[in-house]
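Here are my notes on this model, point by point. Please keep the structure open while you read.

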Amino acid sequence: MIRIVNGNARGQHPRAIDEMFRLRKRVFHDFLKWDVKTDGEWEIDHYDKANPLYVMSYAPDTGKLRGSLRLLPTLGPNMLDDTFPILLGDNPEIRSASVWESSRFCIDPDISQDRSSNQVTVAAAELMCGVGELGLASGVSHIVTVTDVFLERMFRRMGCPGERIADPHRIGSVFAVAVAWEVTRELLETMKHVAAIEGTVLERPMSLETARAA
């Protein structure tokens, strides 16, 4: 199940927000050793002040948070244009009402290290399907992201390879790359087929506009 939380209303969802920022710290700071800012047990940065939408995947049997990502409109502050423009290569900044950025994509490390199950694919696909459903309901043409080449390969296995915007660059300890996905019904159905997901993944139907107004 995918739950959407509006960044400006995160005070109304203290438990969900706490779990998400703690998960981000476990993944990006503790596990991947990325150079990210932390605040106690949270990983949080200035983009979290830009009224993002948080997309969260919960296990249906336990209700435990198993993954999350952050969505921001490219018309406002976003990581690709403002922090990692080198990943655009010779391309211009991406500033469009029809293009949104996904960032801070993460899966619970306890799941990611469980090689005996398909939980990583299911949790990751559910997050991406949630973005796809939101995008289709909102007239979004593309989703862009900054990721590393390892996650890029995982997206390919999930049936959503995307298209590189430019060549990868080494940033810190990882080879980072900017990827764009065209938001289509076909892509959404492919991801659901690969992960054996049936029906909608959203807790309730919504668009990006209604989610940000919630």
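1. Helices here are DSSP runs of H or I with at least four residues, strands are runs of E with at least two, and both are numbered from the N terminus.

2. A word on the basis. This is a predicted model, in which local features need pLDDT of at least 70, side-chain atom pairs count only at pLDDT 80 or more, and totals for chains, interfaces and linings use all residues. Residues are numbered from 1 along each chain as its sequence is written, and side-chain values use heavy atoms, with hydrogens and water left out.

3. Look at α5 itself. The helix spans residues 149-157, and its buried residues are Leu151, Glu152, Met154 and Phe155. They lie on the same side of α5, because they cover an arc of only 160° around the axis. That arc is taken from the directions from the helix axis to the C-beta atoms. Buried means under 20% relative accessible area, exposed means over 50%, and partly exposed is in between (1.4 Å probe, protein chains only).

4. Now the N-terminal end of α5. Asp148 caps it. A side-chain oxygen of Asp148 lies 3.1 Å from the backbone nitrogen of Phe150.

5. Two strands count as paired if DSSP finds at least two bridges between them.

6. Check the turn between β9 and β10. The two strands form a hairpin with 2 residues between them. Gly172 is in the turn and has a positive phi of about 65°.

7. On to charges. The structure holds 22 salt bridges. A salt bridge is a side-chain nitrogen of Lys or Arg within 4 Å of a carboxyl oxygen of Asp or Glu. One of them pairs Asp18 with Arg22, with the closest N and O atoms 3.1 Å apart. Asp18 and Arg22 are 4 residues apart in helix α1 (residues 14-31), so about one helical turn separates them. Asp18 is partly exposed at 25% relative accessibility. Arg22 is partly exposed too, at 39%.

8. Asp108 and Arg26 meet in a salt bridge at 3.4 Å, N to O. Asp108 lies in the loop between β6 (99-107) and α3 (109-112) and Arg26 in α1, so the pair ties together parts 82 residues apart in sequence. Asp108 is buried at 2% relative accessibility. Arg26 is partly exposed at 32%.

9. Arg95 and Asp81 form a salt bridge, their closest N and O atoms being 3.5 Å apart. Arg95 is in the loop between α2 (79-82) and β6, and Asp81 is in α2, so this pair links parts 14 residues apart in sequence. Arg95 is partly exposed at 33%, whereas Asp81 is buried at 4%.

10. Finally, a network. Salt bridges that share partners join Arg24, Glu43, Asp45, Asp48, Arg70 and Arg104.

How values were computed:
A polar contact is a pair of N or O atoms within 3.5 Å; within protein, one must be able to donate a hydrogen and the other to accept it, and residues adjacent in sequence count only if both atoms are side-chain atoms.
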